Amino acid sequence: MTPKLFQIFRTGTFITMKGRQITFSEGDLQGMAAAFDPQRQPAPLVLGHPENDQPELGQAQKLLVKGSKLYALALVGTALEALVKARCYAKVSATFIPPFADSNPTPGAYYLKHIGFLGATPPAVKGMEDPSFTDRGDGVSFGETEAIIMPTGSFVFSRPGLTCDPERLALHRLATEYRETCPALSYAEAITLANGALTF
């Protein structure tokens, strides 16, 4: 599974699938992020909105709020990643357990039940960023560095004796990807998220 960061919700007033109108503030999003604990009750990544949350194609690991947007840091399975890259499932729709439902593990806050990836069905929450699970290409950088990163991920050093730590490079690449998805993240915040997602 690959760690990915993508938007799943935002502030605003929306109509539920049962026709109820609900308004969500930044405080509500903060409550969702604080309440979420995948060890207590996991939130799978699924296609559509299945009642039984199956088949599971990934798993949400953490929620974070930046401004008026709620993001999920998730481990994404290769099958779902391929479907999103092919644009077969290009939209996201989150399902939350209401604050005082019997099934809510954290009464008082909306709790993430699952993240549905949608094909032809448009999401009820408009104006969100589509998930983009594209492969990151390597670029050419100029500066005081002594190395060039090749498209294969290997290095060519201009001076003998210089080395590179592949773990730090992987951490930097993932943090850079997170910052492209959520520009409001500082580099330090992105590194912290990436560090929690990668296991070396």
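Strands are DSSP runs of E, at least two residues in length, numbered from the N terminus. The model under view is predicted.

Begin by selecting strand β8, residues 111–118, where histidine 114 has its place. Is histidine 114 buried or exposed? Its relative accessibility is 2%, and because buried means under 20%, histidine 114 counts as buried.

Next, display the surroundings of histidine 114. Leaving aside neighbours within four places in sequence, the residues in contact with histidine 114 include Ala43, Pro44, Val46, Gly48 and Pro50. Ser93, Ala94 and Thr95 are also among the contacts of histidine 114.

Now show the side chains of histidine 49 and aspartate 53. The side chain of histidine 114 makes a polar contact of 2.8 Å with that of histidine 49, and another polar contact, of 2.6 Å, with the side chain of aspartate 53.

Move on to helix α3, residues 166–181. Its 16 residues should span 22 Å at 1.5 Å a residue, and the end C-alpha atoms are 23 Å apart, which agrees. Colour the buried residues of α3: Leu169, Leu171, Leu174, Ala175, Thr176, Glu177 and Tyr178.

Finally, select the cysteines. Cysteine 182 is buried, at 1% relative accessible area, whereas cysteine 88 is partly exposed, at 41%. The structure holds zero disulfides.

Key
Residues numbered from 1 in each chain as written. Predicted model: local features only at pLDDT ≥ 70, side-chain atom pairs only at ≥ 80, totals over all residues. Heavy atoms only, no water. Helix = DSSP H or I, 4+ residues; strand = E, 2+ residues; numbered from the N terminus. Buried < 20%, exposed > 50% of the residue type's maximum accessible area, 1.4 Å probe, protein only. Contact = heavy atoms within 4.5 Å. Polar contact = N/O pair within 3.5 Å; in protein donor to acceptor, adjacent residues only side chain to side chain. Disulfide = S-S within 2.5 Å. Expected span 1.5 Å × (residues − 1).
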